Amino acid sequence: MSSDRISIKPLSPHIGAEIGNVDLTRPLSEQQKREIHDAFLKHGVIFFHDQDISFAQQMELAQSFGHVHIHVGGEGTASKPVPDYPAIRRQHFDKDSKRISGEVWHSDQSCAEIPPAGSILQQKIVPPDGGGDTLFASAYAAYDALSAPMQAFLEKLTAVHDGAKLFDKGTKTDYPKAVHPVVIRHPETGRKVLFVNEGFTTRIVELSKEESDALLNMLYAHIAKPHWQMRFHWRPNSIAFWDNRCTQHFAIWDYWPNVRSGYRVQFEGDARPSF
Ligand code: SIN
């Protein structure tokens with residue numbers, strides 16, 4: 001085994017691994033990119049510590065895995081684009097914040113026709129007394145744990161994902177909205193994924209509103225069970241890199257009035273989610 005192999009430490013049975021023996025401030029070899037991509041597919045979310053990367057290096061990292069995704073939903077959101085780097089969003093929260101990004105179970109931008117395949121979030125400042133952790137859940141394991149009749153029923157359904165549900169309301173009316181299958185197949189692993197989330201999903205198209213609300217509430221409670229989740233504790237210069245097609249996450253805002261400040265970039269999926 002050559003010495004430039006990355007190290008991989010799984011953090012829970014279903015999701016998450018910590019990656020070591022790699023310096024993301026330096027160009028990655030093709031082998032390192034392959035190993036990181038394989039770990040990302042296998043573990044759903046991978047974490048790096050002590051990586052003081054610049055915006056240019058964060059862009060380069062994202063571009064190693066796909067074309068960068070420009071956020072849909074405009075400026076009515078809690079994150080803002082970084083000057084000169086429109087694909088990087090600043091997620092800075094402090095005593096003046098009225099809300100933060102992602103304080104609900106969601107996959108990023110599922111209201112887009114083609115949601116991002118992956119997200120890379122680095123934190124520069126973390127709260128001094130702890131807090132500000134992020135929960136991650138495996139939507140593979142959540143799907144696998146459903147009964148066979150429920151899986152078969154869900155596989156016939158589609159759902160509306162509406163940006164208006166998560167983003168600020170304001171005066172804006174043209175939020176992005178998309179319809180995706182309730183169960184999708186991951187385009188790279190072929191595994192089935194439960195693809196509705198409390199942040200964006202509003203309605204199951206084929207059901208009455210009453211039926212849709214009852215089923216979605218059951219599925220939101222299901223995905224939030226601790227059995228297929230893990231909790232990540234950030235340090236300054238930690239990076240979380242998640243597969244947005246098969247995971248959901250929840251950012252915990254327990255640190256007000258302290259500061260948590262980070263930057264997220266995303267790369268595009270190849271096609272609309274499908275079964
Ligand atoms: C997000 O939803 O992208 C934010 C996650 C976090 O801040 O931990």
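Predicted model: local features only at pLDDT ≥ 70, side-chain atom pairs only at ≥ 80, totals over all residues.
1. Buried here means under 20% relative accessible area.

2. Helix α1 covers residues 30-43, 14 residues in total. From its first C-alpha to its last the helix reaches 20 Å, close to the 20 Å expected at 1.5 Å a residue.

3. Which residues of α1 are buried? They are Gln-32, Glu-35, Ile-36, Ala-39, Phe-40, Leu-41 and His-43. An α-helix has 3.6 residues a turn, so residues three or four places apart point the same way. The cover over the buried residues of α1 includes strands β1 (7-10), β2 (17-20), β3 (45-48), β6 (116-125), β14 (239-243) and β16 (260-268).

4. After α1 comes Gly-44, with a positive phi near 80°. Strand β3 takes up residues 45-48. In a regular strand the side chains alternate between the two faces of the sheet. In β3, Val-45 and Phe-47 point one way, while Ile-46 and Phe-48 point the other way. All four residues are buried.

5. Strand β3 pairs with β2 and with β14. With β2 the strands run parallel and are joined by 2 bridges; Ala-17 stands opposite Ile-46 of β3. With β14 the pairing is antiparallel, over 4 bridges, and Phe-48 has Ile-239 of β14 as its bridge partner. Together, β2, α1 and β3 form a right-handed β-α-β unit.

6. The side chain of Gln-122 makes a polar contact of 2.8 Å with the side chain of Gln-58. Beyond its neighbours within four places in sequence, Gln-122 is in contact with Ile-53, Ser-54, Gln-58, Ser-238, Ile-239, Gly-262 and Tyr-263. Ile-239, one of these, is also the bridge partner of Phe-48.

7. The residues surrounding the ligand are Gln-91, Ser-101, Gly-102, His-106, Asp-108, Leu-121, Thr-134, Trp-242, His-249, Ala-251, Arg-260 and Arg-264. Side chains with an N or O atom facing a ligand oxygen include those of His-106, at 2.9 Å, and Arg-264, at 2.7 Å. A polar side-chain atom of Arg-260 lies 2.8 Å from an oxygen atom of the ligand.

How values were computed
Residues numbered from 1 in each chain as written. Heavy atoms only, no water. Expected span 1.5 Å × (residues − 1). Buried < 20%, exposed > 50% of the residue type's maximum accessible area, 1.4 Å probe, protein only. Contact = heavy atoms within 4.5 Å. Pairing = 2+ DSSP bridges. Right-handed = clockwise from strand over helix to strand, strands pointing away. Polar contact = N/O pair within 3.5 Å; in protein donor to acceptor, adjacent residues only side chain to side chain. Near = heavy atom within 4 Å.
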